[in-house]
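Open the model in your viewer and keep the selection tool ready. Each stop below says what to select and what is there.

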Amino acid sequence: MLQHAFNGLVNGSFYALLALGLAVIFGMLGVVNFAHAAFYMLGAFGAFILLSEFGVSFWVALLVMPLLLGLFGMALERLLIRRLVALDPLYNFLLTFGLTLIFQDLLRMKYGVQPQQYPQPSGLGGSVDLGLFTFPAYQVFVLVFSVLVSLGAWLLLARTRIGMIVRASTERPDITRALGIDVGRWISPVFGFGIALAALSGVLAAPMRAVSPLMGADLIILVFAVVVIGGLGSIFGSVAAGFIIGMLQALGNVYLPGLATTLVFILMAVVLLWRPAGLFGREEASV
Amino acid sequence: MRRRNLIPAISTVAVVSLVAACGGAGGPSGGGGKISDDKIVLGVLNDQTGIYAELSGPNGVKAVEMAVEDFKAKHGDDAVSKNIEVVVADHQNKPEIANTKAQEMYDRQKADIILDVPTSSAALAVATQAKAKKKLFIDISGATTALTGESCNKYTFHYAYDTYMLANGTGTAVTQAGAKNWYIVYPDYAFGQDMEKSFSKAIETAGGKVLAKKPTEFPNTSGDFSSQLLQAPASNPDVLGTMHAGGELVNLVKQYNQFKLKDKGVGLSVGLMFITDIHSLGSDALAGTRFTDAWYWNFDEQNRQWADKFKEKTGSRPSFAHAGNYSATMAYLDAVQAAGTDASDDVVKNLEGKEINDFFLRNGKIRAEDHRVIHDAYLAEVKPKSEVKEDYDYEKIVTTIPADKAFKPVSESTCKMG
């Protein structure tokens, strides 16, 4: 039981990191970024390409890919997404959906859909004794690392001036603007930051999941559910919901096999009925 | 989501209908001694871009084209028709799309035969169309035994392998080698359920025991199998039997290795594996794993020769589905040649009971009773990396399973040919 719950937390780390990025972007830009899972895939694929073409290790890729894709995300925001923000949110949804297809197919043309090889990073091949049970070292690393990243992101947003501005512009952009803060300046970096988180979880996934152009395609729907359950745009909520749902799925797989993923959507329906703004979301007084 | 095949598909349809309009003549197939529409049209219907695109897909089409070229070269001016056309469609592994595409191929593109068709549910849909239109269908990369069982019909043939062959080979061999207690995980849809049943039966017949059967949802959206894997050691099985295919198999094996189940005394056995899967995982991740293969490119000189030609065309080594596509195309064209017509009933008569020996079919025979194509199968073992001498050189053939033992005997078949 404990082992399964722990295992669920490991899977939850991916959801948490992805949902966190998605929530930050949604909060700041009001954009539902459908391409989020494509960036997760690009992160994993990038790590694979770095390793196979240039011999760059996992540890370097863990640093380089989020940086590269984060910058790419910023450029994307400047060039494309910004132009559509003023319109119906559906336009950006379609744009990012289109981008997803383009990324997937470009990689598919070059590499095919067959999953690519990515070895365990050196130094994490063994197991860790956790007292009650032993667990693969790499999985433990993924969990610890993503908890740290989530904490870091939270500290950044809650304790620093930049975070304060971002939070303020997320919640009340007009008033923030009225206080003399240039909200627009922060949009690109925030988008890039969200993308970097997706890339980071992609790199983390490479050694334990099949690296293929389609690896994100199935995940995105689940991550959307996580964000909705956590409360759209709520930073703490998305992380918490990520871990909760990872655990729910793992336990569901053991005790209610066949229903595990459905369980997530049942939870989503219940949460929407009971708390339409999500578990940790705040209801808007007036919009 | 996969629409990029729309344009080629539409253009193919356009060109074909244009040609048909200009050519005029060509009535429906019938009457001996003639080729309908003055051409033989081969339809290849498979997954062009999805999870099964690598194991047959676009390269499967190339294999069919290779067979057409070789057929023309072989017969020269004596060929029953020099006008042989290959048309392609993507069924995206969905039975409803396979159904419409098959209709379109038979009716509008005047296909005389449909080849390949992976994904069991899609293959069954095409078999139904073949029966209704009285046109041929040779399935190569689909797995279900239903094609030659309860859903069999006069115009449908099943060429390379099926779930019985896999289970009978792997389940029996691994159990007899001492792994008596099995823990089976399978994807919860037609193919996986069929595999699980076939395996359980083979294991029990061989004196083994299935301790637990765990379904996993299909498709597995999170790519995670750790819950099922973590539960395995508790029941103390000798071997974990996985019935997953393609990318799911790759995910599962990665996680099997990370949880070090092998060190906990749980071996690994794989129900269906294509050489492309081994290529993805790296042979070390699977070293020592035994599985049943329908054909292996590096088995002997004859196979190798064809594999070399295939590599020239495609840049990679063939899976057994690629080789099967070539062989089935050749078998069909030879039957048309012998019959002197592409009229379905005459061709079927020519195929039924025929014994074939080529690089793909060893001791091959097309059973007239249920249209199962039987041939030698192989129990293979994945080599450790240290023994791999070149790309795709991953398998060691342990034993050859003779044709009459490899497939379900006719006496057990539920097929009632209408």
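Start in chain B with helix α5, residues 163-176. Its 14 residues should span 20 Å at 1.5 Å a residue, and its end C-alpha atoms are 19 Å apart, which agrees. The expected span is 1.5 Å times one less than the number of residues. Helices are DSSP runs of H or I, at least four residues; strands are runs of E, at least two; both are numbered from the N terminus.

This is a predicted model: local features need pLDDT of at least 70, side-chain atom pairs count only at pLDDT 80 or more, and totals for chains, interfaces and linings use all residues. Residues are numbered from 1 along each chain as its sequence is written, while chains are lettered from A and ligands numbered from 1 in the order in which they are written.

Stay on α5(B). Of its 14 residues, 13 are buried. Buried means 20 or more other C-beta atoms within 10 Å of the residue's own, with C-beta atoms placed from the backbone. Next, pick G178(B), which follows α5(B) and has a positive phi, near 120°.

Now select α4(B), residues 120-133. Here 10 of 14 residues are buried, including L124(B), V126(B) and K133(B). What do the buried residues of α4(B) pack against? Show β1 (40-46), α3 (95-107), β3 (113-116), β4 (136-139), β5 (156-158) and α6 (190-205) of chain B. Then click K134(B), which follows α4(B); its phi is positive, near 55°.

Move to chain A. Select α1 (residues 2-29) and α9 (residues 219-230). They pack at about 70°, with axes 9 Å apart. Axes are lines fitted to C-alpha atoms, for helices over the stretch in contact; angles run from 0 to 180 degrees between N-to-C directions. The two helices are therefore roughly perpendicular (65 to 115 degrees). Show Y15(A), L18(A), A19(A), L22(A) and A23(A) in α1(A); they meet V223(A), V226(A), V227(A) and G230(A) in α9(A). Contact means C-beta atoms, placed from the backbone, within 7 Å.

Next, take α3 (58-84) and α4 (89-111) of chain A, packed at about 145° with axes 8 Å apart. L80(A), I81(A) and L84(A) of α3(A) touch Y91(A), N92(A) and L95(A) of α4(A).

Finish between the chains. 34 residues of chain A contact 33 of chain B. Elements giving two or more residues to the chain A side include α1, α4 and α9.

Technical notes. Parallel < 35°, antiparallel > 145°, perpendicular 65-115°, else oblique. Contact = placed C-beta atoms within 7 Å. Buried ≥ 20, exposed ≤ 12 C-beta atoms within 10 Å, placed from the backbone.
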